[in-house]
Amino acid sequence: MHASAIPTTLSSNVTDTALIFEGGGMRASYTAAVVVALLQAEIHLDWVAGISAGSSNTANYLARDPQRARESFVGFAADPNFGGLRTFLRGKGMFNADYIYQESGRPGGALPFDFSTFCANPAEMNLGVFEADTGRSFYWTRDDTPTADDLMIRVQSSSTLPFFMPTVHIGEHSYVDGALGPSGGIALDAAKEAGYEKFLVVLTRPRSYTKDPMRVNVLMRRYFRAYPAVLDALEARAENYNRTREELLELESEGKAMVFFPDGYLVENSEKNTAKLARSYSEGQAQIAKELPAWKEWLGLA
């Protein structure tokens, strides 16, 4: 949609259900297909949250940009500036985060972001983040993103994998991946706090998955010596994540949650091979095509 064609405001057609996107780095190549399917089916929820890579899916969904949703986790990895050992050794991260989240999204960039449509969309946005210097977890909202640059750096902050990407500084504080918060990376807590009792949740791990506890090694302790709260959160993450997953399974059994569990080909969170990413996206596309009719019925759109 061209900027000149964007209405003053868009509308939502689902207002009683929270939409939640889990992170997982490049595993979001699988769930980017869900973003595209929702947009193509014109399913527009009024409250959306994401953490880590899920924040990119959230932003693309709110901008109603299916092409960017796909490219963000498939074709974009072929960009020579995307990152790697060279950028890691230069202190820019294994993923070249400033380029990925800020430079590329600007007008004329490799992956321009449609901020006009994002602003016209009435849906609420919540991006989970972890404040590294204080240990506080919270969610960025539209109030924090009056400009496209404000939005992009906050998506970056939510997505900043500890150690593999440089800590993001906004104002007086430093930020890393929101998955270190008490939700474990699935924004169910924010949705419940907002008063929702129905949840459409898009995960990037199979139904059978449980997260193993992480052992923080000497190298990581040295790297985060200025941020002891990050080390504590890394050690607690598995317990937090597994607890939220168990709660989701209970909600699903009660008919209060519709949960997307990937059952096809998944890549590693650091994958940059575009053929593998394309296969992951394609299998996510096939799965959501099968599940979407049940989603529409559950959402009252059938």
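Is F138 buried or exposed? In this predicted model, F138 has a relative accessibility of 16% and therefore counts as buried, since the cut-off for buried is under 20%. W140 is buried as well, with a relative accessible area of 6%.

These two residues also form a ring pair. The structure holds 16 aromatic pairs. In the pair of F138 and W140, the ring centres lie 4.9 Å apart and the planes stand at 80 degrees, so the pair is edge-to-face; planes over 60 degrees apart fall in that class.

The rings of F163 and Y223 form another edge-to-face pair, because their planes meet at 70 degrees, with the centres 5.0 Å apart. F163 sits in the loop between α7 (148–158) and β5 (168–170), while Y223 belongs to helix α9 (residues 218–223), so this pair ties together parts that are 60 residues apart in sequence. F163 counts as buried at 19% relative accessibility, whereas Y223 is partly exposed, at 40%.

Ring pairs can also join into a group: F76, F82, F95 and Y99 are linked by them into a cluster.

The next contact to look at is between two helices. Helix α1 (residues 28–40) packs with helix α2 (residues 53–62) at an angle of about 20 degrees, and their axes are 10 Å apart. That angle makes α1 roughly parallel to α2, because angles under 35 degrees count as roughly parallel. The crossing of the two is right-handed. On the α1 side, the contact is made by A28, T31, A32, V35, L38 and L39, which meet A53, N57, N60 and Y61 of α2. Seven of these contact residues are nonpolar and three are polar, with no charged residue among them.

Technical notes: Residues numbered from 1 in each chain as written. Predicted model: local features only at pLDDT ≥ 70, side-chain atom pairs only at ≥ 80, totals over all residues. Heavy atoms only, no water. Axes fitted to C-alpha atoms, helices over the stretch in contact; angles between N-to-C directions. Helix = DSSP H or I, 4+ residues; strand = E, 2+ residues; numbered from the N terminus. Parallel < 35°, antiparallel > 145°, perpendicular 65-115°, else oblique. Left-handed = near helix turned anticlockwise from the far one by under 90°. Contact = heavy atoms within 4.5 Å. Nonpolar A, V, L, I, M, F, W, Y, C, P; charged D, E, K, R; others polar. Phe/Tyr/Trp six-rings, centres within 6.5 Å; stacked < 30°, edge-to-face > 60°. Buried < 20%, exposed > 50% of the residue type's maximum accessible area, 1.4 Å probe, protein only.
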